[in-house]
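Some questions follow on how the terms for this model are assigned. Each answer sets a value against its definition.

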Number of protein chains: 2
Amino acid sequence: MATSSLLLLLLLISSCIISALLPAASASKTRHFKWEVGYIYASPDCNEKILMGINGQFPGPTIRAKAGDTIHVELKNTLHTEGVVIHWHGIRQFGTPWADGTASISQCAIDPEETFVYRFRVEKAGTYFYHGHYGMQRAAGLYGSLIVDAADGEEEPFRYDGEFNLLLSDWYHQSIYDQMVGLSSNPLRWIGEPQVNASATTGRNPPPTLLINGRGQYNCSLAAHPVEGSNACRPTSKDCAPVVLRVLPNKTYRLRIASTTSLSSLNLAIGNHKMVVVEADGNHVEPFTVGDIDIYSGESYSVLVTTDQNPSSNYWLSVGVRGRKPKTSPALAIVNYRPNSPSKLPESGPPMAPEWNDYNHSKSFSYRILARRGAPKPPQSADRRIVLLNTQNKIDGYTKWSINNVSLALPPTPYLGSMRYRLKNAFDAGMPPENFPPSYDVMRPPPNPNSTQSSNAYVIGLNSTVDVILQNANALAVNVSEIHPWHLHGHEFWVVGYGDGRFGEKEVARFNLKNPPLRNTVVIFPYGWTAIRFVADNPGVWAFHCHIEPHLHMGMGVIFAEGVEHVGKIPREALACGMTAKMLMDKHRP
Amino acid sequence: MATSSLLLLLLLISSCIISALLPAASASKTRHFKWEVGYIYASPDCNEKILMGINGQFPGPTIRAKAGDTIHVELKNTLHTEGVVIHWHGIRQFGTPWADGTASISQCAIDPEETFVYRFRVEKAGTYFYHGHYGMQRAAGLYGSLIVDAADGEEEPFRYDGEFNLLLSDWYHQSIYDQMVGLSSNPLRWIGEPQVNASATTGRNPPPTLLINGRGQYNCSLAAHPVEGSNACRPTSKDCAPVVLRVLPNKTYRLRIASTTSLSSLNLAIGNHKMVVVEADGNHVEPFTVGDIDIYSGESYSVLVTTDQNPSSNYWLSVGVRGRKPKTSPALAIVNYRPNSPSKLPESGPPMAPEWNDYNHSKSFSYRILARRGAPKPPQSADRRIVLLNTQNKIDGYTKWSINNVSLALPPTPYLGSMRYRLKNAFDAGMPPENFPPSYDVMRPPPNPNSTQSSNAYVIGLNSTVDVILQNANALAVNVSEIHPWHLHGHEFWVVGYGDGRFGEKEVARFNLKNPPLRNTVVIFPYGWTAIRFVADNPGVWAFHCHIEPHLHMGMGVIFAEGVEHVGKIPREALACGMTAKMLMDKHRP
């Protein structure tokens, strides 16, 4: 007895010593969440609709963790007939490719009443978010914030006194089922457009409402029709009351801003205040000061704002639309200098957004985003270059988006499982094209608009360095070329160049290899190109796609597969559909 | 060489002789169908909405076969994120219980882009239909007709010169997703009721439109506002033009009438014409003459109509609502005596339906339905009696329907697979109650409205004879008791008795064992009971439930399992979800 007690004591002492000797990183935690996804009633823009919430909340609960932590989400699907998945946007999922939350790619959709465990490590501090990645479920409201703070003992390279988190989105009154039927119709019915055969009761599809943290005002502007003056814009429930940022004078605040819009490109500004951009997609950038920022779907930023203006006034924070002629009023939040009342309306109107089509303004913002001094540099050369031409096309009369004339049609069996088990016929064989014909004129509509659908994938050598040139072009209509924000799963990439017109070989020598920013999402401007470089060091299958929900639905994406033979044991639930389920079940059936 | 040729010749000759000797039944065919289920735009009541169609059609294509044929439907799910199944209503599925098309019961829902083959034999001539049986997909428009003619060489015991098929339904403008959220809310929001927090844009939920063959007029009556007189009711597309029955004078027509309404109980009549009822749910009944028929969701009838009226006029066929105060105009079709123009409006108005709450009228119709002379009689006694009390209840504040105080919660793993493989914990253990307390007063609201949810099932001895007494009761509100049409899968049953108030032991002696009608659906009237008898001769797992879609969604059903150990090889696709997939996959995983 005495001996064993002594042993126990020694063990306890030694374990304390070991703990004390371990570096701070050992303080990392596993953070557990139990979520249920289901439809709920909500009035995000004062109009009651059903939307997809998590645990009855919209937007879903914010995850807050520290770099190095493990996130463990038990996700139960309580939708009645639909599958669901959740993608953790900006998280690399290194070693856990089955937790990337992409239906048809990384896992089988979670069946109604079933649970899937997303367990993954958050490596790097930053502003992230999560969202549905099956059909158009993101546009049904399935999203929320994921904020990763610096690990204990680590520090961000900038100081602030407080912070606010702003998750931006756009909200359509038409159900996603309606939207999907319209997008899959011939002729195309674009979301938010007047319906061709609109009846008396359905009317025209209303324009979207811009939301800040899930709140906005439909078809009215709080600024033009202040709450006190008009019933039209009086928030009818707390669901749609404007967000208030309560600040103290002469402090510096970090605003975390992420956009999970279905469609809209956005611009954000605060009346009278400048912003210092310090973070983009979870990476520090060399600080620079602006009056407004552009933010495209899939991007995130942190900006520092100093409350150095007249403290007797409040100020508008305004979010407007870029790149499409806006049909909607800006979303507004109130920067409330305490001790003013938050309901005291700002003395000056909301800041004017730049003209929706002032692309020079947008480009100059994007071009200013550069890696913070001391950030890791990209490899100085690439092993492979893939040029991706973005075109709008027709397949059997249906409008699609294509990449090198291939419109992505996702297969029912997720790639990760079918590639890991080397299943034949689970997706289209052969590699998609690496380039497009030299004769193609990106400044004009496609001479032959016909395209093809395929589920084929780019197989990339593990640990190779890849350059991707995203080449924009004219859409089907003359003089139309749209903005596309491209998002890469499983990796970050360096943005090594931008340009107007067609990319040429000579541009390679001009690539910025000195201080290109690391991102997970980057935009191509109308008629322009964007060059990125990344190292394919994460075994798995990864989507790379336009983050505009209807564009992805219409085929605007590609699949990158790398080192799938090195992927660890895929959880059974991720394989329990299609040909992987068939293969594994058949071997056993009595 | 010579010997083998001779052998071949002999073989050929003998096979010809064998063919010639086979009975006519050998002429039965396999009828192949290739279907795709997906959302489409349609204007069933002149208001464009999305609904679930098959091969772009609404209602789905009519299947026409002969008794003894095999139906082979390759069903591809082209919905984007939802599973789907199709139930073949009234088909016994003897030997093919996995083809019954009930999610959570007979099979795993078919995933998007996947195909399931429904292959089953249609045994008996009659008027049937098919419909979705997952969530509330039937109410989304997923249904169509299935007509089985007498086998070659067989004859129906009545004559007619022509026939028409009328599939009746009700159509809500609110999406099924909205409806399901409302039904699952606390407080309950009933479909078609004004919304509690209805906003300016969503307004009140409109009442349903009654449809005949998928066509109706919303919020107007063609008769009150004739097509020529008013824009309000002018059909705006062929989707909503009234059905025209083109007849010749002095002929006899068979009208096949089936109801797949989500909610509404219906009454059908034809101006000036009598109807002779000859078939109910695929069984011949002793012919009787009526001026109108009641038809509840899940039922089908054939009636004979002789065109013996003034041939210079056309006549209205009118379908109205029973059992609930109607908020909607009747659905109308035109009986067009040729050579009159079909657009010539009938001289007299549509026939007046009986008062919605004239239950005596309804009962007298139901009581007149008896088996045709010579029909098979039921066993003269039963091995088991199960009494099922129908009550409306509360669970954690949510409104539910319960049977013997159990509200059915379907499990994610279908019973057929989990029972066949004897999986533990796939559904709740234990048998649900066989009766309810003698003290329960069926004429008053439940003294304790709290109920429980369960997925437990009644296990029934194979080939045993079972009596089920469906006992109606007062709902939650005082003086409310509703009509419930109960539908049994996998069997037909004899309706051996009806009564008012509480069923008592003495009623057994009064059961009609002489000529009770065989049915698959039967109604219980407010505050009444209905007794049925069936032989549990079909190995499988079978739903028995109220055919009102929202009631089933709220738990109004039970599960019968019989001889599951005798079930043949279940197709893998029917098992590829939940615990059956898990069990079969785990055994094999490397």
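Axes are lines fitted to C-alpha atoms, for helices over the stretch in contact, and angles run from 0 to 180 degrees between N-to-C directions. Helices (H or I, at least four residues) and strands (E, at least two) are DSSP runs, numbered from the N terminus. This is a predicted model, in which local features need pLDDT of at least 70, side-chain atom pairs count only at pLDDT 80 or more, and totals for chains, interfaces and linings use all residues. Residues are numbered from 1 along each chain as its sequence is written, chains are lettered from A and ligands numbered from 1 in the order in which they are written, and side-chain values use heavy atoms, leaving out hydrogens and water.

Q: Why are H7(A) and H6(B) called oblique to each other?
A: Helix H7 (residues 578–586) of chain A and helix H6 (residues 578–586) of chain B pack at about 60°, with axes 7 Å apart. Angles under 35 degrees count as roughly parallel, over 145 as roughly antiparallel, 65 to 115 as roughly perpendicular and the rest as oblique. H7(A) and H6(B) are therefore oblique.

Q: Which residues make the contact of H7(A) with H6(B)?
A: Contact means heavy atoms within 4.5 Å; A:Ala581, A:Leu584 and A:Met585 meet B:Ala581, B:Leu584 and B:Met585.

Q: How do you know that the two copies are related as by a two-fold rotation axis?
A: Copies are superposed by least squares on the C-alpha atoms of residues with pLDDT of at least 70 in both. A rotation of 180° with 0.0 Å of shift along its axis superposes chain B on chain A (RMSD 0.0 Å). The two copies are thus related as by a two-fold rotation axis.

Q: What makes S18(B) and S19(B) a pair?
A: Two strands pair if DSSP finds at least two bridges between them; S18 (residues 315–322) and S19 (residues 331–337) of chain B have five bridges, in the antiparallel sense.
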